[in-house]
Amino acid sequence: MKLLKTLSGIALAATAGLALAQAKEIRIAHVYDKTGPLEAYAKQTQAGLMMGLEYATGGKMEVLGRRIVVIEKDSQFKPDAGKAQLAAAYADDKVDLAIGPTGSGVALAMLPVAEEYKKILLVEPAVADAITGERWNRYIFRTGRSSSQDAIANAVAVGKKGTSIATLAQDYAFGRDGVKAFKEALAGTGAEIVHEEYAPQQTTDFTAPAERLFNALKDRKGRKVIFIIWAGGNPFKIADLNPGRFGIEIASGGNILPALAAYKALPGMEGATYYYYEHPKNKINQWLVAEHQKRYKSPPDFFTAGGMAAGIAVVEALKKAGGTDTEKLIAAMEGMSFETPKGRMTFRKEDHQAMQSMYHFKIKVDPNVAWAIPELVREIKPEEMKVPIRVKQ
C-alpha cells in the first residue's frame, strides 16, 4: 500500500511538474498541408516560420521569458483533417494560438474551430478572399496575401485598355475567389474578361480547356490574354499548344522558383508577385537571403517569406499584449504594424488582413539561371491597392 501511495505521489508530482513546465511555455500549433499537392509550399512556410521566430527573438526562441514551442500538425490538404488537427491542437495540446494552413479549402474549414475555442488562427499562406471575407470571424488574422491583393496587383500589370482576357483557374476556393477578385480589380481599366475556364485541381492535360480558351479569344480585336490562376502543377503546358498562332498571350502572377522554370517559355510576360528574393530592399530580407543561402544552399522562396512574416507577427503581438490572453492579443494585433522580409505590414482592424506591398514584374530569361527571373518593374505599395473590406460591418 505504501508503495502504491509513493508511486501515486510520484505520478502526481510528475503531472504537476509537466503542467508547470507547459504553463511557462508559449505553445504554437502549425497546422499546415505538410503532405499532399501543396507540400512544396508547406515546407517553405515551415522553414520561414522557424526563421521568423528565430529572428524576432534574437535567436533565443523565447519571448516574455517563456520558451516558444511549435507543435506541427499535418492537415494533408484535406478540410476535415485540418479541422480535426486544429481542434486537437487547441483542446489536447493546449496551444495558445495556431498558424496555417496552406490550402484555402482547408483554411475555410478551420475558421469556425478558432471561433469555437476562442483562440487565434493566424492564416498563412492560404489566399481565398472568403478567409478574411464572408467566412471570417474575429479570431482570424492573416499575414498571407488575399485573392484581392493578388488580383489588384495583377490588374495593374495586365489591365490595359482594349485587352480581352480569358481566365484559367482551379475549380475550388482559391481559383474561384481569385477570378472573382481579378474581375473586380479590372473594372475601370478598359480590360474585359470574356471567358472563365475552371479545371480540376489535379489537371495535367490542358488540351480541352485550351481549346475553349482559344475559341473565346481568337476572333477578338486588340490584345488577347489568357490569365492563369493556379497552385501546383504546370498549367503553362498550355503554351505548347501554340496560342501565339491566334495572337494570344499568356499571363500569370508569381510563383515558387521551381514553377518559375516554366515561365522561361514566356519572356517579356508581365504580372505581379507576392515575393521574389531580389525585390525587397530591407535588413530583414537581407538577413533571410543570407541565412537561407547558408543553411539551405538556395535563396529563400515565395512561401518562405510568408512563413517568416507570420513568425515575426506572432512575437511582436505577444510582446505588445504582454502574454497569451486571446482578448489582449486581438486588441494588440488590430492595427498592428510590423516589419517583414517584404517591408512593413499592418493588420487592418476591420478584417485583420495584413496590408502589404506587391511587386509588378516582367519575365527575363537568363540561360545561367534555372528559373525565369521576374525582373522588378515597380513595387506596388499597400496604399495604392484599394482592397475591398468583405466582412459584414
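**Cavities, pockets and a helix**

Analyst: This is a predicted model. To start with the second largest cavity, β5 (120-123), α10 (302-321) and α11 (326-333) each give at least two residues to its lining.

User: Which of them supplies the largest share of that lining?
Analyst: α10 does, with 3 residues.

User: And which residues line the second largest cavity?
Analyst: Its lining is made of Leu-97, Ile-120, Leu-122, Val-314, Ala-317, Leu-318, Leu-329 and Met-333. By class that gives 8 nonpolar residues, no polar ones and no charged ones. The space inside is about 40 Å³.

User: How many cavities of 30 Å³ or more are there?
Analyst: The count is 2. The largest cavity holds about 50 Å³.

User: What's the lining of the largest cavity like, by class?
Analyst: There are 2 nonpolar, 4 polar and 4 charged residues. Among the residues lining the largest cavity are Asp-129, Arg-348, Asp-351 and Arg-390, along with Thr-132, Ser-146 and Pro-388.

User: Let's pick Asp-351. Where does Asp-351 sit?
Analyst: Asp-351 is in the loop between β13 (343-347) and β14 (354-355).

User: Is Asp-351 buried or exposed?
Analyst: Asp-351 counts as buried, because its relative accessibility is 1%, and the cut-off for buried is under 20%.

User: What does Asp-351 touch?
Analyst: Leaving aside residues up to four places away in sequence, Asp-351 touches Thr-132, Trp-136, Ile-140, Pro-388, Ile-389 and Val-391. Of these, Thr-132 and Pro-388 also line the largest cavity.

User: Which elements build the lining of the largest pocket?
Analyst: Those that supply at least two residues each are α2 (39-56), α5 (147-158), α6 (173-186), β9 (223-229), β11 (270-273) and α10. The largest share, 4 residues, comes from α5.

User: How do the residues of that lining divide by class?
Analyst: The lining of the largest pocket has 26 nonpolar, 13 polar and 2 charged residues.

User: And how much space is in the second largest pocket?
Analyst: About 260 Å³. Of its 13 lining residues, Lys-43, Gln-44, His-292, Ser-298 and Thr-304 are the closest to the centre. Two or more residues come from each of α2, α8 (257-260) and α9 (283-296), and α2 gives the largest share, 4 residues. By class, the lining of the second largest pocket divides into 7 nonpolar, 4 polar and 2 charged residues.

User: Tell me about α9. Which of its residues are buried?
Analyst: The buried residues of α9 are Ile-284, Asn-285, Leu-288, Glu-291 and His-292. These residues lie on the same side of α9, because they cover an arc of only 140° around the axis.

User: Why would spaced-out residues point the same way?
Analyst: An α-helix has 3.6 residues a turn, so residues three or four places apart point the same way.

User: Nice. What covers that buried side of α9?
Analyst: The cover over the buried residues of α9 includes α2, α10 and β12 (337-340).

User: And which exposed residues are on the face turned away?
Analyst: Lys-283, Gln-286 and Lys-294 are the exposed residues on that face of α9.

User: Last one: how far does α9 reach?
Analyst: From first C-alpha to last, the 14 residues of α9 reach 20 Å, close to the 20 Å expected at 1.5 Å a residue.

How values were computed. Residues are numbered from 1 along each chain as its sequence is written. This is a predicted model: local features need pLDDT of at least 70, side-chain atom pairs count only at pLDDT 80 or more; totals for chains, interfaces and linings use all residues. Side-chain values use heavy atoms; hydrogens and water are left out. On a 1 Å grid over the protein atoms alone, a cavity is a set of points where a 1.4 Å probe fits but cannot get out, and a pocket is an open set with protein on both sides within 12 Å along at least five of seven lines; lining residues have an atom within 4 Å of a point. Grid points are joined across faces, edges and corners, and a volume is the space filled by probe spheres set on the points. Ala, Val, Leu, Ile, Met, Phe, Trp, Tyr, Cys and Pro count as nonpolar, Asp, Glu, Lys and Arg as charged, and the others, Gly among them, as polar. Buried means under 20% relative accessible area, exposed over 50%, partly exposed in between (1.4 Å probe, protein chains only). Contact means heavy atoms within 4.5 Å. The expected span of a helix is 1.5 Å times one less than its number of residues. The arc is that of the directions from the helix axis to the C-beta atoms.
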